[in-house]
Amino acid sequence: MIAKKNKQRDIIHRWEGNPIITLDDLSFRCADICNAAAVKFDNIYLLLITIEDLRGIKSLYLARSLDGYRFSVDEKPFITPSTAGPFEKYEKRGIADSKITQIDDIFYITYIAGSEYGFRLALAETKDFKKVKKRGFISEPDSKGGVLFPEKINGKFAKLEMPHDGGRIWISYSDDLVYWGGYSEIMSPRGGFWDFHKVGPAVPPIRVADGRWLLIYYGVKNTSAGSLSRIGVVFLDSEDPSIVVARTNVPIISPREIYERVGDVPNTVCVCGAIFEEDKIMLYYGVARSCICLGMTTLDELVEHCIASEKEF
Amino acid sequence: MIFKRSEKNPLIQPADVKPSAVGFQVVGAFNPGAVAFKDEIILLLRVAENCIHEKGKVRVPVYTFQEGIGVPEVMEFEENDPDIVLKDTRGVVYKGKDYLSSLSHIRLARSRNGVDFIVDDSPFIFPCSSDEEYGIEDARVTFIDGRYYINYTIVSGDGWSTALSVTDDFKSHERLGVIFHPQNKDVSIFPEKVNGKYIALHRPNNDGFGKPSIWYSESPDLLHWGNHKCIVRPRPGVYESMKVGGGSAPLKTDKGWLCIYHGKGDNSKYSLFPLLLDLEEPWRVIKRPEKPVFEPELPYETGGFFPNVVFTNGMVEKDGNIYMYYGSADETSCLAVASVNDLMSTFP
């Protein structure tokens, strides 16, 4: 069977029940779905997904599951664009693409706020996924794809982001999650490669057994038929995460299935969430801006792949 | 006229500046930062250099970096090399890599009377890493708590961002790192804290979302910045139709923080506007006149390397007067003087 062979081309193993959330799974009408942040809380698998309403304005909704495979999406959004107060001005065109990082007992949610003033990273926090508090913006315009590290680096909070539309990943540091500095670029697109035109952080970095940071990122290559978005992996230095120590030469997952190829934004896989369970990695990814899928791998596989792909090419 | 131009304009021209390397020639000595230091006025010139032309060759300036030191060199191609692609006057592409036809660094010029300047022979702030491989531009100085902080635009393949240095003597400077990530320039740092925080205006590009605007930002330490707010957007009309950006460090007056910012308008013409921000809440605009206070008029402003540009990033207050140093046409450095009272009278 050719279809099966194709599936084995990717390091990420797609779950056979994909896609796990589609428009048909929602109890309300909306335009499209994309990007799932993922976290396990109180033995419940939680996804924070971006849903665009029929007007075209995006909000963030929670989806819940007991097993990590079958999810039900809340009827009401968890975080919506502010309609009053100091944040309203910068969230008028919607909020999207959340990522979740747990630091101590607080879950920090970063998301992109859009307005006529550009895209900015915003920060919210929750302890229980019932109440959520917006803390404000943590970037200049334009910036996208912001993720926080789950622990302090040399006593400071650290974040990765993709400033402006230029498509490189930058690191910065903060004492208080309000004022950010120490900016430096850590990785850039590679000419000719699958990540030729743009790279951005996809999932908050995870410290793995040998101390290094695993960063799952997305790469974009522009083609004559539009852009292709795929997922890759880098390892960052354990002491100084601004140093990339290894980078996959090939993507770990690319759009292949029909539901990844066809949708509101075709040929897109965009990871925003991963749950690490012992050695298993559950990767929740939005595809074609139309549904959410699940892929699985192990840390060993990613490490092996990273080394192998360096040798192979 | 509120601002009176110096009769000695342009005060500094490219021919007054020694190139930083053999084979280079200076094509611009403009957009000066300005500061009163001891009994001198010091200008921090943006010195733009390209390569001396030779027939049949394409020559571009490059910097190579060795252990944190930038070395200027001439890169030479045969004009008929099939791998070379001429872009426009700003540069060439060779085997997929961009080369700019001119690169900038920061050079000091010193004067006792604020009018007659002597330009240093060697650079003051020079590119030192690949983050600065396309040069350093448009320095602004702010005197805070006894030290001189200098911010400037650094240019690389990732666009432009703003970095900070500090000096005590204008002989050497210490780099403090990037303070605003790409794309961000036109940073004006206030000379004192407000409500316990340092304040800066900055100009992110936010391309595709309205037009580039002036933002407000705060910092506990001059190194980490946050609480960004958009405070001045370009207005419709001929003067600001493309963008606006901040100038030098604002001047404190009893009525508010006095700033002079630039608007880029129709036909890429730059003109200068006064702006008054609230003393206690500097994100609040108190006064902003409809019309500019200074526009390109004389031949050295309406002609030159990039015609119809007046751009200021350096002003010094002395005896109730503002000495506004400005770049003309991306080529020369000039001076215009106004009394603070006259300038305040332009506010509606």
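How much area is buried between chain B and chain A, and what share of it do carbon and sulfur atoms give? In this predicted model, the area buried between the two chains is about 2400 Å², and carbon and sulfur atoms account for 55% of that area. Of the area that chain B buries against chain A, 30% is supplied by His181(B), Phe209(B) and His224(B), which is more than any other three residues supply. The contact itself draws on 30 residues from chain B and 29 residues from chain A.

Polar interactions also cross this interface, where 13 residue pairs are in polar contact, with both partners at pLDDT 80 or more. On the side of chain B that touches chain A, the elements giving two or more residues are the four strands tabulated here.

| Strand of chain B | Residues |
|---|---|
| E14 | 174-180 |
| E16 | 198-204 |
| E17 | 214-219 |
| E18 | 226-232 |

Strand E18(B) gives the most to this side of chain B, with five residues. Sorted by class, the side of chain B that touches chain A holds 11 nonpolar, 13 polar and six charged residues. Two salt bridges are found across the interface of chain B and chain A, and a salt bridge joins the side chains of Arg233(B) and Glu116(A), with an N to O distance of 3.2 Å.

Within chain A, Ser254(A) lies in the loop between strand E19 (244-247) and helix H3 (258-261). Ser254(A) counts as buried because its relative accessible area is 6%, under the cut-off of 20%. Leaving aside residues up to four places away in sequence, Ser254(A) touches Asp10(A), Arg14(A), Arg230(A), Glu260(A) and Val269(A).

Terms used
Residues are numbered from 1 along each chain as its sequence is written. Chains are lettered from A and ligands numbered from 1 in the order in which they are written. This is a predicted model: local features need pLDDT of at least 70, side-chain atom pairs count only at pLDDT 80 or more; totals for chains, interfaces and linings use all residues. Side-chain values use heavy atoms; hydrogens and water are left out. Contact means heavy atoms within 4.5 Å. Buried area is the accessible area (1.4 Å probe) that two parts lose on being put together, summed over both. A salt bridge is a side-chain nitrogen of Lys or Arg within 4 Å of a carboxyl oxygen of Asp or Glu. A polar contact is a pair of N or O atoms within 3.5 Å; within protein, one must be able to donate a hydrogen and the other to accept it, and residues adjacent in sequence count only if both atoms are side-chain atoms. Ala, Val, Leu, Ile, Met, Phe, Trp, Tyr, Cys and Pro count as nonpolar, Asp, Glu, Lys and Arg as charged, and the others, Gly among them, as polar. Buried means under 20% relative accessible area, exposed over 50%, partly exposed in between (1.4 Å probe, protein chains only).
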